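I opened this notebook page to record what I looked up in the structure, entry by entry. The sequence and the coordinates come first.

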Amino acid sequence: MAVAAVTTEQYHKPLRKKALPAGRPREWYISHNRRLKAMRLAIALLDTGVYHPSTATDRRIRATAERIGIHPPSDTTCRMVRALIRYGR
């Protein structure tokens, strides 16, 4: 049985960041950035073979965050990552 190599290298060049729209309440920016972080973490976990929310523990999510170079996520963000893995199919 052949085992596929797992990589954390980026497949595509990152998109150029645009400024967020001005005039929104602070809570909107906080939740927007939390969703973006959760999406990046969910993609990284899926790329490494984590396909079930039960295997995406807080510890594994935080280790993935450290490996891809982002700040450790909060408990709320970890729940969002699991929800994305669960319902993002």
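Entry 1, overall fold. I note at the outset that this is a predicted model. I looked up the secondary structure and found three helices and zero strands in the protein, with the elements running α-α-α from the N terminus on. I then checked burial across the chain, and of the 89 residues of the protein, 22% count as buried.

I asked at what angle helix 1 and helix 3 pack. Helix 3 covers residues 75–87, and its axis lies 9 Å from that of helix 1, at an angle of about 55 degrees. That value makes helix 1 oblique to helix 3, because angles of 65 to 115 degrees would be needed for roughly perpendicular and angles under 35 degrees for roughly parallel. I also looked up the hand of the crossing of helix 1 and helix 3, which is right-handed.

I asked how many salt bridges the count comes to, and the count is two. One of them joins the side chains of Asp58 and Arg82, at 2.9 Å from N to O. Asp58 lies in helix 2 (residues 58–68) and Arg82 in helix 3, so this pair ties together parts that are 24 residues apart in sequence.

I looked next at Asp75 and Arg62, whose side chains meet in a salt bridge of 2.7 Å from N to O. Asp75 is in helix 3 and Arg62 in helix 2, so that distant parts of the chain, 13 residues apart, are linked by the pair. As to accessibility, Asp75 has a relative value of 42% and counts as partly exposed, and Arg62, at 27%, also counts as partly exposed.

I followed up Met39, which has its place in helix 1 (residues 26–47). With a relative accessible area of 41%, Met39 is partly exposed, and it passes the patch rule on accessibility because that rule asks for over 30%.

Definitions and conventions
Residues are numbered from 1 along each chain as its sequence is written. This is a predicted model: local features need pLDDT of at least 70, side-chain atom pairs count only at pLDDT 80 or more; totals for chains, interfaces and linings use all residues. Side-chain values use heavy atoms; hydrogens and water are left out. Helices (H or I, at least four residues) and strands (E, at least two) are DSSP runs, numbered from the N terminus. Buried means under 20% relative accessible area, exposed over 50%, partly exposed in between (1.4 Å probe, protein chains only). Axes are lines fitted to C-alpha atoms, for helices over the stretch in contact, and angles run from 0 to 180 degrees between N-to-C directions. Angles under 35 degrees count as roughly parallel, over 145 as roughly antiparallel, 65 to 115 as roughly perpendicular and the rest as oblique. A crossing is left-handed if the near helix is turned anticlockwise from the far one by less than a right angle, and right-handed if clockwise. A salt bridge is a side-chain nitrogen of Lys or Arg within 4 Å of a carboxyl oxygen of Asp or Glu.
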